[in-house]
Amino acid sequence: MCAPDSRGRSRHGLLLVTVVVVLLGSFIAVLAPVASAASPAVASPASANPAVASRAAAAVVCTSKSHPAVAAALAGDIQAARSGRSSTVAVWVDDPGAGISCSLSGSSHFDSASIVKVTILGAVLRKALDQHRYLTSTEAAQLRAMITRSDNNAASALWAKLGRSYLQHFLNLAGMRQTVLGPGGYWGLTQVTAHDETLLLRLLLTGNTVLSNNSRAYALGLMAQVISSQRWGVPAGAPRSVTVHVKNGWLPRATHGWRINSIGGFTWSNGWYSIVVLSMDNPTMSYGITTVEAIARVIHRNLNPSVKTVIAPSAPNPAWGTPDELIPALPAIP
């Protein structure tokens, strides 16, 4: 027998998915040559639209030595979840306990909007460690405001106090070599990738030499207390038995529409996994959230096949549509 772990998922559940997907894959493989032989060649809709074709060309890559068919199912479901959406997305899934990893456009750059606040949080905690001190009361208040309710004034104050040199030092320590700090005080224009945001979440979720265990627990605690109106995104579809640590960012610009980004770690007593979804080309904030949550829900479902009680999709909130940060026309970054 394989007992469920403390988030209610069972490896038997993953094994059952593996068997089903393998059998289904064999069935499709038998039918595919017949269908292609009988059907005339028809140009796909993507071929008529260069932008759609570009999005379609980006492949979802999921790997797992222990659960290869589950990885294959994940790749197919993520692809299906983004099908027909105007959103340009990047995705990274990191589940070391199950040995499953997925990526889609993992090295593509996106405006960070407010998810960069987790980087600022990490840098403040590391600087306090460097100086062998506790956080000041001002720092603690600013960090809480910045993470739990996405306060922009707090983020700007901490960004300025840290300085670009130290922020870059933290990125170097974290191995976040693809991340480019925003110009001047424009922290929301930091260029991030799904790959680097996954490294950042790993820094918070596992023991390392950059942040102490107390620092990591402090950061995760703040991310678990984000106010309800800002808990949309990657939590959708997660088992209700896990603790959700999330930070979102939302920002419209003249080019590429709304940036809707969501990063999150999902923990229980003996494990964790993380999900990063970055997006742009969303016509509205609500549209982008729908895209992100559709992707998140299929990821959670595949990673937790036996779980029945999950976090529901977000209901529209009156705050949606209000930019998280006001970015003037300059500097002009596409």
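**Labels and their cut-offs**

Author: The chain holds 9 helices and 8 strands; helices (H or I, at least four residues) and strands (E, at least two) are DSSP runs, numbered from the N terminus. This is a predicted model, where local features need pLDDT of at least 70 and side-chain atom pairs count only at pLDDT 80 or more, while totals for chains, interfaces and linings use all residues. Residues are numbered from 1 along each chain as its sequence is written, and side-chain values use heavy atoms, with hydrogens and water left out.

Reader: What makes strand 2 largely enclosed by the rest of the structure?

Author: Buried means under 20% relative accessible area, exposed over 50%, partly exposed in between (1.4 Å probe, protein chains only). In strand 2 (residues 88–95), 8 of the 8 residues are buried, so the strand is largely enclosed. T88, A90, W92 and D94 point one way, V89, V91, V93 and D95 the other, and all are buried. Across the chain, buried residues make up 49% of the 334 residues.

Reader: How do you know that strand 2 pairs with strand 8 and with strand 3?

Author: Two strands pair if DSSP finds at least two bridges between them. Strand 2 has 7 bridges to strand 8 (residues 271–280), running antiparallel, and 5 to strand 3 (residues 100–104), again antiparallel. A90 has L278 as its bridge partner in strand 8, and D95 stands opposite I100 in strand 3. The hairpin of strand 2 and strand 3 has 4 residues between the strands, and G99 there takes a positive phi near 65°.

Reader: Why are strand 1 and strand 6 said to stand at the edges?

Author: The open sheet has 6 strands in the order 1-3-2-8-7-6, with antiparallel pairing. Strand 1 (61–63) and strand 6 (243–252) each have a single partner strand, so one side of each is left without a neighbour in the sheet. Further in, strand 7 (residues 258–268) pairs with strand 8 over 7 bridges, with G264 opposite I275.

Reader: Why is helix 4 called roughly perpendicular to helix 6?

Author: Axes are lines fitted to C-alpha atoms, for helices over the stretch in contact, and angles run from 0 to 180 degrees between N-to-C directions. Angles under 35 degrees count as roughly parallel, over 145 as roughly antiparallel, 65 to 115 as roughly perpendicular and the rest as oblique. The axes of helix 4 (residues 116–130) and helix 6 come within 8 Å and cross at roughly 70°, which makes helix 4 roughly perpendicular to helix 6.

Reader: And what makes helix 3 roughly antiparallel to helix 9?

Author: The axes of helix 3 (residues 68–82) and helix 9 (residues 285–303) cross at roughly 160° and come within 9 Å, so helix 3 counts as roughly antiparallel to helix 9. Residues making the contact (heavy atoms within 4.5 Å) include L74 and I78 of helix 3 and I295 and I299 of helix 9.

Reader: What makes a group of residues a nonpolar core?

Author: The term covers a set of buried Ala, Val, Leu, Ile, Met, Phe, Trp, Tyr and Cys residues joined through side-chain atoms within 4.5 Å. The largest one has 86 residues, and I78, M146 and I299 have the most contacts inside it. Its largest share, 10 residues, comes from helix 6 (residues 152–174). Leaving aside neighbours within four places in sequence, I78 is in contact with V60, C62, C102, I295, V298 and I299.
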